[in-house]
Amino acid sequence: MTAAALRLENVSMRFGTVIALSDVSMHVDPGTVTCVLGDNGAGKSTLIKILSGVYEPSEGALFVDGEKTTFASPRDALDQGIATVYQDLATVPLMSVWRNFFLGNEPTRGVWPFRRLDAKHAKTTCKGELLDMGIDIRDPDQAVGTLSGGERQAVAIARAVHFGANVLILDEPTSALGVKQSGVVLKYILQAKDRGVAVVFITHNPHHAYLVGDRFFLLNRGRMIAEYERSGVTREELVQAMAGGAELETLAHELESYTS
Amino acid sequence: MTTTPETTPDTTPDTTTPETAMHDERVARVNAFGRLMRRPEIGALMGAIVVYVFFSVVDTTGNFVGLTGAARWTDVASTTGIVAVAVALLMIGGEFDLSAGVMIGTSGLFAGLLISEYGLPVWPAIFLTFIFAAGIGFVNGWLVVTTGLPSFIVTLAMFFSLRGINLGATKLLTDTVRVAGIDEGVGYDSAAAVFASEVWAPYGFKIAVVWWIGLTILATWLLTRTKFGNWIYAVGGDKNAARNTGVPVKRTKITLFMFTAMSAALVGVISLMRLRSMQAGQGVGEEFVFIIAAVVGGCLLTGGYGSAIGASIGAAIIGMAFIGIAYAGWNTDWSWLFLGLILFAAVLTNSLISRRFQGGKR
């Protein structure tokens, strides 16, 4: 296999005396889905912000396609092919689907001062691109606010893929969604994977992760405590490892004592 | 506009053409009426028709309906509309500017003092005034984006600061509260021709109307057809989402504040050329009239939605109200009551219409 699309080596992040991440190493390969699992406070948010260029790590190094690099800003990370889709901060609800799709990358035609949006091209491309991802929106002119939560995530994912993201980081894309909607988003994750994108799926839901993941990293209290290949782990083991097996059993006993 | 976009080479040959791809059987055919009703300015347009008919009926002079009347009410509407259009863009971008009214006075006084006190020719003075106004707008915008304070507060502070400076500086330099003698400046005649003349002779339409219509067209084009317009909607609709997709949020907002201040400067220059003098209190109180025009025109107070044409229709309603009340033979003091009622009625209509035609989501 060639170099990882994105690799972290011994990354630590401190905020004053608080150690948010400690000695974390991970790698993300093209055409795979890499899941980062962790409970609340495990350091997921900090990890996302390092991957997407919001924070610069206190220690350790980042490699994009095998080359050591740093991200000066989220825009810089984007320019290096690392796109991040945040849970609810991905789209502007009042704007139409096509305007959202091309936001920040608007296609234009004509010369200044007559340079204008190529709306027709944008609408056709948007509709076609979403269709390629298996997202069948009704009308590119409709406001994103009228779409369901899953469709909104899908538009954001399709946008990132269209604009050449090599690495797609998804921050809890399914946490606010119902079962069916989550399924829709998971399908788009696989679509992105099939296009050769390295997907980083950050979640606290091992069930969702197991459905699409090729590799699993477990984050707990700022440390990477385990790494599994898909072939080397069952879903039950993943759930157990994630919840901390002993804790889950204690919880089960406690709950039983209520019901009995 | 006639060229069809090239299909990308990797698409399969049997893909639908762009035309059929655009239509989808799940979208109920939206007829022209439905499309019209979805426009943000529809409430204002219906309001304008009602107001026009109303004042045509109560008119005692018999002039309101004709072009003579139109020349009068478009005169009021134009000076309101020029700034209201810029204020609308700013509101769509999610910010307010309460200093837009007093800026008319500030820029008029600035130009007037340059001409009468410092003997500058009229055209360079006007040029410097626009630069100065852009600077004030920049300060407004820069303070808003760097401090993170609500623009309501920042521009309210600017409003009162400028109000004080207008009076203080004018008294200091002229010993009166007005600047006069502008028509003695070099180049006054040509500047007056551009900013304060009349067009379409028998009816006496003011040239400000041309500026107003021109700026409305320009702003509409900017808003709906350019990259910058897309950014305006985005920064007002969801600042974080806009930033995450790489839109320069701060630059967009600062630019909008600069546009607003410069549009106020244009009205300041127009007033200065018309009156050949400027009172230190000019423009104070107008800021809310601009906001009323923008809101009547369909702009959401929360940003992200609205139109430039709407703000212009709002300005037209205000113009018709001021002139219509005078033509009806009523005391013009009642205009303010009328503005209050129009504001409420238009916003109510807008929200009802949007609920009806946009499935309750805006």
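Helix α6 covers residues 122–147 of chain B, and its axis comes within 7 Å of that of α12(B), at a crossing angle of roughly 145 degrees. Axes here are lines fitted to C-alpha atoms, for helices over the stretch in contact, with angles running from 0 to 180 degrees between N-to-C directions. Colour this contact by class and you get 17 nonpolar, five polar and two charged residues. Ala, Val, Leu, Ile, Met, Phe, Trp, Tyr, Cys and Pro count as nonpolar, Asp, Glu, Lys and Arg as charged, and the others, Gly among them, as polar.

A word on what you're looking at: this is a predicted model, where local features need pLDDT of at least 70 and side-chain atom pairs count only at pLDDT 80 or more, while totals for chains, interfaces and linings use all residues. Residues are numbered from 1 along each chain as its sequence is written, with chains lettered from A and ligands numbered from 1 in the order in which they are written. Helices (H or I, at least four residues) and strands (E, at least two) are DSSP runs, numbered from the N terminus.

Show side chains for the contact, including B:Gly105, B:Gly108 and B:Gly112 of α5(B) and B:Ala261, B:Ala264 and B:Ala265 of α12(B). Contact means C-beta atoms, placed from the backbone, within 7 Å. By class, this contact has 10 nonpolar, seven polar and no charged residues.

Now hop to chain A and find the open sheet of six strands, ordered β6-β9-β10-β3-β11-β12, with mixed pairing (strands pair if DSSP finds at least two bridges between them). β6 (82–85) and β12 (223–229) stand at the edges with a single partner strand each, so one side of each has no neighbour in the sheet. Zoom in on β6(A) and β9(A), parallel over four bridges; A:Thr84 has A:Ile169 as its bridge partner. Then select α5(A) (residues 149–162), which packs on the sheet and touches β6 and β9 of chain A.

Terms used. Contact = placed C-beta atoms within 7 Å.
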